[in-house]
Amino acid sequence: MKNSNALVAEAFGTFWLVFGGCGSAVFSAAFPEVGIGLLGVSLAFGLTVLTMAYTVGHVSGGHFNPAVTVGLWSGGRFPAKDVLPYIVAQVVGAIVAAFLLYWIASGKPGYDLATNGLASNGVDDHSPGKYSLASGFIAEVVLAAFFLLIIMGSTHGRAPAGFAPIAIGLGLTLIHLISIPITNTSVNPARSTGPALVEGGIALNQLWVFWLAPLIGGALGGWLYRTAIADNT
């Protein structure tokens with residue numbers, strides 16, 4: 001029962017991340033005269049993680065991201081046997097959120113999925129700033145690695161208690177402020193999968209980038225914290 005509760009919590013948390021983060025981009029980023037812009041979308045992603053970490057973090061650990069799950073395993077904080085079930089739950093939550101976003105967005109006259117999209121991630125011609133595959137890949141690896149460093153450090157036993165979700169949420173906000181122009185910011189394969197499956201086309205063709213790069217970065221960040229930074233005394 002405890003494990004089932006954790007998987008449900010991961011699905012709900014990832015649903016909220018995609019629905020809130022991508023939803024802010026789809027519905028609010030460029031809304032006439034009162035659009036929230038890049039800063040607002042970045043903050044929305046950070047707030048989804050912060051709110052869900054406080055809401056269900058005590059149930060599942062509050063990963064909401066396959067790269068985080070792999071990174072915590074790499075960092076010695078998560079058992080290997082639970083990695084795949086967590087990732088499946090996260091991807092399911094993300095896909096449900098993406099389809100619901102599409103259903104809501106399609107209720108606006110003139111909405112076109114091919115033109116407006118669902119805030120999918122991309123490189124080259126699908127990058128908001130037309131950044132290359134190499135640029136996007138390296139950015140995703142580095143940012144995912146630092147995201148894991150933030151998570152590992154803020155949840156360390158000697159870190160100030162109760163503040164980890166704030167550090168993690170603000171860390172994700174900063175990551176989006178850096179990389180929305182580069183890849184539309186993934187650092188989360190589940191977040192990328194939901195919109196890509198709904199949009200299809202180039203978003204789906206490039207989805208491998210947003211699995212491979214964040215997973216490499218997450219594993220690297222977790223390993224670096226455990227081997228080179230952590231104070232286990």
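This is a predicted model: local features need pLDDT of at least 70, side-chain atom pairs count only at pLDDT 80 or more; totals for chains, interfaces and linings use all residues.
Biologist: How do I read a pocket? What volume does the largest pocket hold?

Modeller: Rolling a probe the size of a water molecule over the atoms shows where empty space is left. Here the largest pocket has about 750 Å³ of space.

Biologist: Which residues lie nearest its centre?

Modeller: Ala 25, Val 26, Asn 116, Gly 117 and Ala 119, out of 35 lining residues. Elements giving two or more residues to this lining include α1 (2–28), α4 (83–105) and α5 (113–116). By class, the lining has 20 nonpolar, 12 polar and three charged residues.

Biologist: And the second largest pocket? Which element gives the largest share of its lining?

Modeller: That is α2, with six residues. The second largest pocket holds about 420 Å³. Its lining counts 29 residues, with Gly 61, Gly 62, His 63, Leu 72 and Ile 151 nearest the centre. The classes are 16 nonpolar, 11 polar and two charged.

Biologist: Now the cores. Which residues of the largest nonpolar core touch the most other members?

Modeller: In soluble globular proteins, nonpolar side chains tend to be buried together. In this model, the largest nonpolar core has 45 residues, and Val 18, Leu 72 and Phe 147 touch the most other members. The largest share of this core, nine residues, comes from α4.

Biologist: What does Phe 147 touch?

Modeller: Leaving out residues up to four places away in sequence, Phe 147 touches Asn 65, Val 68, Ile 168, Leu 172 and Ile 175. Another core lies apart, with six residues, among them Val 123, Val 141, Val 209 and Phe 210.

Definitions and conventions: Residues are numbered from 1 along each chain as its sequence is written. Side-chain values use heavy atoms; hydrogens and water are left out. On a 1 Å grid over the protein atoms alone, a cavity is a set of points where a 1.4 Å probe fits but cannot get out, and a pocket is an open set with protein on both sides within 12 Å along at least five of seven lines; lining residues have an atom within 4 Å of a point. Grid points are joined across faces, edges and corners, and a volume is the space filled by probe spheres set on the points. Helices (H or I, at least four residues) and strands (E, at least two) are DSSP runs, numbered from the N terminus. Ala, Val, Leu, Ile, Met, Phe, Trp, Tyr, Cys and Pro count as nonpolar, Asp, Glu, Lys and Arg as charged, and the others, Gly among them, as polar. A nonpolar core is a set of buried Ala, Val, Leu, Ile, Met, Phe, Trp, Tyr and Cys residues joined through side-chain atoms within 4.5 Å. Buried means under 20% relative accessible area, exposed over 50%, partly exposed in between (1.4 Å probe, protein chains only). Contact means heavy atoms within 4.5 Å.
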